[in-house]
Amino acid sequence: MFMFLFLVVALAVVVAAVTLAVVGGGESAPLPEAAPERLADPLPLDRPVRRDDVDLLRFPVAVRGYRMADVDDALGRLGAEIAERDARIADLEDDLAGARATAVTSLSKPAEEDHR
């Protein structure tokens, strides 16, 4: 009976020591409180986003996958920049079409004047 009581007390001491080591201890604990991962936006703010910027983009994993707010922010920014580029491309294509039309018109006028 004495041996059984000794084993129960020894087991309780070991369980208490392990619990205190894992849970307690503050900063010096073996498992300190982990800071939540947040997306450090690697997308540059001072220039347009390039392909390699998107390739380097990594989202921190949350309990149930990715943090929706981080993904939504990054996709929103990419969508806005793509829309801006599409508008700029459309403007440049319109300018190019106008320049070509002007060039064709100016080239055809001297030929018409020669025939008179």
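In this predicted model, the side chains of arginine 77 and glutamate 81 meet in a salt bridge, with a nitrogen-to-oxygen distance of 3.1 Å. Side chains of opposite charge can pair when their charged atoms come close. Both arginine 77 and glutamate 81 belong to helix H3, which covers residues 68-114. They stand four residues apart, about one turn of the helix. Arginine 77 is buried, and glutamate 81 is buried too.

Glutamate 81 also takes part in a salt bridge with arginine 85, where the distance from N to O is 4.0 Å. Glutamate 81 and arginine 85 are separated by about one helical turn because they are four residues apart in helix H3. The structure holds two salt bridges, and they are set out below.

| Salt bridge | Distance (N to O) |
|---|---|
| Arginine 77 and glutamate 81 | 3.1 Å |
| Glutamate 81 and arginine 85 | 4.0 Å |

When residues up to four places away in sequence are not counted, arginine 85 touches Pro48 and Val49. Arginine 85 and proline 48 are 37 residues apart in sequence, and their C-alpha atoms are 9.3 Å apart in space.

Attention now turns to the surface. Met3, Phe6 and Leu7 make a nonpolar surface patch of about 350 Å². One of these residues, methionine 3, is found in helix H1, which spans residues 2-23. Methionine 3 counts as exposed because its relative accessibility is 56%, and the class requires a value over 50%.

The overall architecture can be described next. The protein contains three helices and two strands. Read from the N terminus, the order of these elements is α-α-β-β-α. Among contacts with a separation of 6 or more, 45% are between residues 24 or more positions apart. The protein has 116 residues, of which 11% count as buried. It exposes about 10,000 Å², and carbon and sulfur atoms supply 65% of that area.

The mean pLDDT of the protein is 79, and 76% of the residues reach 70 or more. Where is confidence lowest, and where is it highest? Confidence is lowest in strand S1, made of residues 61-62, with a mean of 72. Helix H1 has the highest confidence, at 86; methionine 3, described above as part of the nonpolar patch, lies in this helix.

Conventions:
Residues numbered from 1 in each chain as written. Predicted model: local features only at pLDDT ≥ 70, side-chain atom pairs only at ≥ 80, totals over all residues. Heavy atoms only, no water. Buried < 20%, exposed > 50% of the residue type's maximum accessible area, 1.4 Å probe, protein only. Patch = residues over 30% accessible without salt bridge, like charges linked within 9 Å, V, L, I, M, F, W, Y side chains within 5 Å. Areas by Shrake-Rupley, 256 points an atom, 1.4 Å probe, with all protein chains shown as cover. Contact = heavy atoms within 4.5 Å. pLDDT = per-residue confidence, 0-100.
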